[in-house]
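Please look at the sequence and the structure below.

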Amino acid sequence: MKMIVAIIKPSKLNKVKKLLFENNINRFVVDDCYGHSDQPSTFETYRGVEMEFDLQKKIRIQIAVNDDFVDKTVNAILTAGKSGKDAEGKIFVYPIEQCYSIATGESGEQAIG
């Protein structure tokens, strides 16, 4: 079992979701987040004060999968998230020690679904 965490541009979320659904990956969590990368800061004036914005809005997707779904999941995110520009995001894959379903009491791979 693995936990896949992807940080992507907000504009790529719909494409990523579509490819995940097409690959029968239907259970995931999506969060708004902010990140700092090699992208330059932007400056805006707010009420006469110039402010620096060095954190860019991103989307974090967390997906727990059984081992046989890791490659499918990573490839779906890579395919949908890539636009050929810098700062596209990152994908991290972590081992999961154990998983439990609160509704059924199942554990392990059966709990992930």
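Leaving aside its neighbours within four places in sequence, Ile77 is in contact with Ile4, Ala6, Ile8, Val16, Leu20, Ile63 and Ile91, where contact means heavy atoms within 4.5 Å. This is a predicted model in which local features need pLDDT of at least 70 and side-chain atom pairs count only at pLDDT 80 or more, while totals for chains, interfaces and linings use all residues. Residues are numbered from 1 along each chain as its sequence is written, and side-chain values use heavy atoms, with hydrogens and water left out.

The largest nonpolar core has 16 residues, and those with the most contacts inside it are Ile4, Ile8, Val16, Leu20, Ile61, Ile63 and Ile77. A nonpolar core is a set of buried Ala, Val, Leu, Ile, Met, Phe, Trp, Tyr and Cys residues joined through side-chain atoms within 4.5 Å. The elements that give two or more residues to this core are β1 (2-8), α1 (13-22), β5 (56-65) and α2 (70-81), and the largest share, 5 residues, comes from α2. Helices (H or I, at least four residues) and strands (E, at least two) are DSSP runs, numbered from the N terminus. Apart from this core lies another, of 5 residues, among them Met1, Ile96, Cys99 and Ala111.

## Val16 in helix α1

Val16 lies in helix α1 and, at 0% relative accessibility, counts as buried; buried means under 20% relative accessible area, exposed over 50%, and partly exposed in between (1.4 Å probe, protein chains only). Once its neighbours within four places in sequence are left aside, Val16 is in contact with Ile8, Ile61, Ile77, Ala80 and Gly81. The C-alpha atoms of Val16 and Phe69, which are 53 residues apart along the chain, are separated by 15 Å.

## Aromatic pairs

A search of the whole structure finds 2 aromatic pairs. Rings of Phe, Tyr and Trp (its six-membered ring) pair if their centres lie within 6.5 Å, and planes under 30 degrees apart count as stacked, over 60 as edge-to-face and the rest as tilted. The rings of Phe21 and Phe28 have centres 5.8 Å apart and planes at 35 degrees, so this pair is tilted. With 42% relative accessibility, Phe21 counts as partly exposed.

For Phe92 and Tyr94, the ring centres are 6.5 Å apart and the planes are at 25 degrees, so the pair is stacked. Phe92 is partly exposed at 37% relative accessibility, and Tyr94 is also partly exposed, with a relative accessible area of 41%.

## A nonpolar surface patch

Tyr46, Val49, Met51 and Phe53 make a nonpolar surface patch of about 370 Å². Patches are made of residues with over 30% relative accessible area and no salt bridge, like charges being joined within 9 Å and nonpolar side chains (Val, Leu, Ile, Met, Phe, Trp, Tyr) within 5 Å; a salt bridge is a side-chain nitrogen of Lys or Arg within 4 Å of a carboxyl oxygen of Asp or Glu. Accessible areas come from the Shrake-Rupley method with a 1.4 Å probe, and for residues only the protein chains shown count as cover.

Strand β4 (residues 49-53) gives the largest share of the nonpolar patch, 3 residues. Val49 is found in strand β4 and is partly exposed, with a relative accessible area of 48%.

## Positive phi in two loops

Asn24 is placed in the loop between α1 and β2 (29-35), and its phi is near 60 degrees, a positive value in a residue other than glycine. At 55% relative accessibility, Asn24 counts as exposed.

Arg47, found in the loop between β3 (42-46) and β4, has a positive phi of about 55 degrees although it is not a glycine. Arg47 is exposed, with a relative accessible area of 75%.
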